[in-house]
Amino acid sequence: MTTLTTSANDAPAVDAPTSTGSRSTRILGILILVGSAIGAYLGLVTSDADRIQKDAVRLFYVHVPVVSLMYIPVILCSVASIMWLRKRTDGWDALASSSAEVAAVFVGLGLVTGALWGEITWGTYWTWDARLTSTALLFLLLLGYLALRRYPAEPAARARVSAVVGILLVPNAILVHYSVSWWRSLHQDATRGFDTTMDGNQLSTYAVAQGVFVLILVWLSIHAYRNAWLALRAERGDLDLAIARRMADDDPTGGI
Amino acid sequence: MLLAYTDVGTIVFGWGITVAAIGGYALALVRRGKRLSRVVPPEDRRWS
């Protein structure tokens with residue numbers, strides 16, 4: 001990979017960041033670390049065990065925030081894909097690409113933590129239930145999208161094909177969300193807001209966990225977006241350099 | 001206290017894999033960001 005205008009050894013401008021971090025993401029990072037420590041203490045130590053599920057309820061504080069938030073990057077990816085097809089700007093392409101990456105992490109974690117919780121409560125890690133199957137399909141679609149993003153092709157063509165796949169994510173997410181209503185399912189119904197019938201300190205522990213995962217989603221999304229943006233700019237730099245070299249090769253004067 | 005929980009192995013694994021996945025992804029993002037920042041001109045890094 002090469003630079004556009006500076007060599008790798010050139011010092012960057014004083015005010016240019018040397019990473020994807022910024023003051024706001026560092027503050028966010030500190031809040032996440034503190035919040036995670038508090039959340040872990042509440043979830044693993046002070047939270048009451050459930051009357052029916054016993055201590056398995058402690059997986060609730062991880063699984064539910066992850067799956068409830070996974071829809072946000074999925075929707076963002078689809079919206080950004082539609083916007084890229086309309087505007088054709090790098091910003092929308094970077095947003096679509098980065099959102100899919102974050103979504104894959106959240107959906108994957110939702111599947112794993114759900115399987116672990118299912119093993120305790122249902123007696124099996126996996127069943128071809130409508131909710132589980134549609135979530136697995138969403139995860140596969142996200143992996144397919146990310147594989148497309150890494151395909152070595154002309155950037156605009158790759159972005160176009162990716163955008164088409166990205167748009168398909170939202171119908172799949174709708175299928176995931178309503179699968180428990182549309183089909184008979186082993187999974188519980190869709191959760192609507194905070195369940196105020198939760199016993200003891202479970203509701204407050206869940207509220208802290210949900211808050212921490214919101215901050216994590218924001219932090220990851222910001223960094224992933226900046227990464228995707230930088231990758232697009234670096235790729236464009238490579239392309240510009242290749243074109244310049246090709247033109248110099250075609251120049252009978254040798255570019256002098 | 002944790003050791004006395006029912007299904008302690010599954011609970012710890014569930015929390016552990018969540019921390020590992022998110023922490024690992026966060027670390028990968030930071031490293032990739034630093035690497036890419038070295039090859040992209042300052043005017044394209046506008047979030048400071």
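**Entry 1: ground rules**

I number residues from 1 along each chain as its sequence is written, and chains are lettered from A and ligands numbered from 1 in the order in which they are written. Because the model is predicted, local features need pLDDT of at least 70 and side-chain atom pairs count only at pLDDT 80 or more, while totals for chains, interfaces and linings use all residues.

**Entry 2: confidence**

I checked pLDDT, the predictor's confidence in each residue, from 0 to 100. Chain A has a mean pLDDT of 87, with 89% of its residues at 70 or more. Chain B averages 89, and 94% of the residues score at least 70. For the complex, the predictor gives an ipTM of 0.92 and a pTM of 0.87.

Where is confidence lowest and highest in chain A? I find the lowest in α8(A), at a mean of 88, and the highest in α3(A), at 97. Helices here are DSSP runs (H or I, at least four residues), strands are E runs of at least two, and both are numbered from the N terminus.

I also looked at residues 1-13 of chain A, where pLDDT stays under 50. The model has 21 contacts beyond four places in sequence for residues 1-13 of chain A. Where pLDDT is low, the predicted coordinates should not be read in detail.

**Entry 3: chain B**

I count one helix and zero strands in chain B. Its C-alpha atoms fill a box of roughly 55 × 15 × 10 Å along the principal axes. Of the 48 residues in chain B, 29% are buried. Buried means 20 or more other C-beta atoms within 10 Å of the residue's own; exposed means 12 or fewer, partly exposed is in between, and C-beta atoms are placed from the backbone.

**Entry 4: chain A against chain B**

I took two residues as in contact if their C-beta atoms, placed from the backbone, lie within 7 Å. The contact takes 42 residues from chain A and 32 residues from chain B. On the chain A side, the elements giving two or more residues are α1 (23-46), α4 (90-121) and α8 (202-250). The largest share, 11 residues, comes from α8(A). By class, the chain A side has 23 nonpolar, 12 polar and seven charged residues. Nonpolar covers Ala, Val, Leu, Ile, Met, Phe, Trp, Tyr, Cys and Pro; charged covers Asp, Glu, Lys and Arg; the others, Gly among them, are polar.

**Entry 5: helix pairs in chain A**

Two packed helices are described by the angle between their axes and the distance between the axes. The axes are lines fitted to C-alpha atoms, for helices over the stretch in contact, and angles run from 0 to 180 degrees between N-to-C directions.

How do I find α5(A) and α7(A) oriented to each other, and at what angle do they cross? The axes of α5 (residues 130-149) and α7 (residues 169-182) of chain A come within 8 Å and cross at roughly 165°. The pair is therefore roughly antiparallel. I use under 35 degrees for roughly parallel, over 145 for roughly antiparallel, 65 to 115 for roughly perpendicular and oblique for the rest. The residues that α5(A) brings include A:Leu137, A:Leu138 and A:Leu141, and those from α7(A) include A:Leu175 and A:Val176. This contact has nine nonpolar, four polar and one charged residues.

Next I checked α3 (residues 71-87) of chain A against α7(A): their axes come within 8 Å and cross at roughly 150°. That makes α3(A) roughly antiparallel to α7(A). A:Leu169, A:Val170 and A:Ala173 are the α7(A) residues in the contact. The classes are seven nonpolar, one polar and no charged.

The axes of α2 (residues 60-69) of chain A and α4(A) come within 9 Å and cross at roughly 145°. Among the contact residues are A:His63 of α2(A) and A:Trp117 of α4(A). I list seven nonpolar, four polar and no charged.

**Entry 6: two single residues**

A:Ile167 lies in helix α6 (residues 155-167) of chain A. It counts as partly exposed because it has 18 C-beta neighbours inside 10 Å. Beyond neighbours within four places in sequence, A:Ile167 touches A:Ser78, A:Ser81 and A:Ile82.

A:Glu119 sits in α4(A). With 17 C-beta neighbours inside 10 Å, A:Glu119 is also partly exposed. Leaving aside neighbours within four places in sequence, I find A:Glu119 in contact with A:Thr124, A:Tyr125 and B:Thr10.
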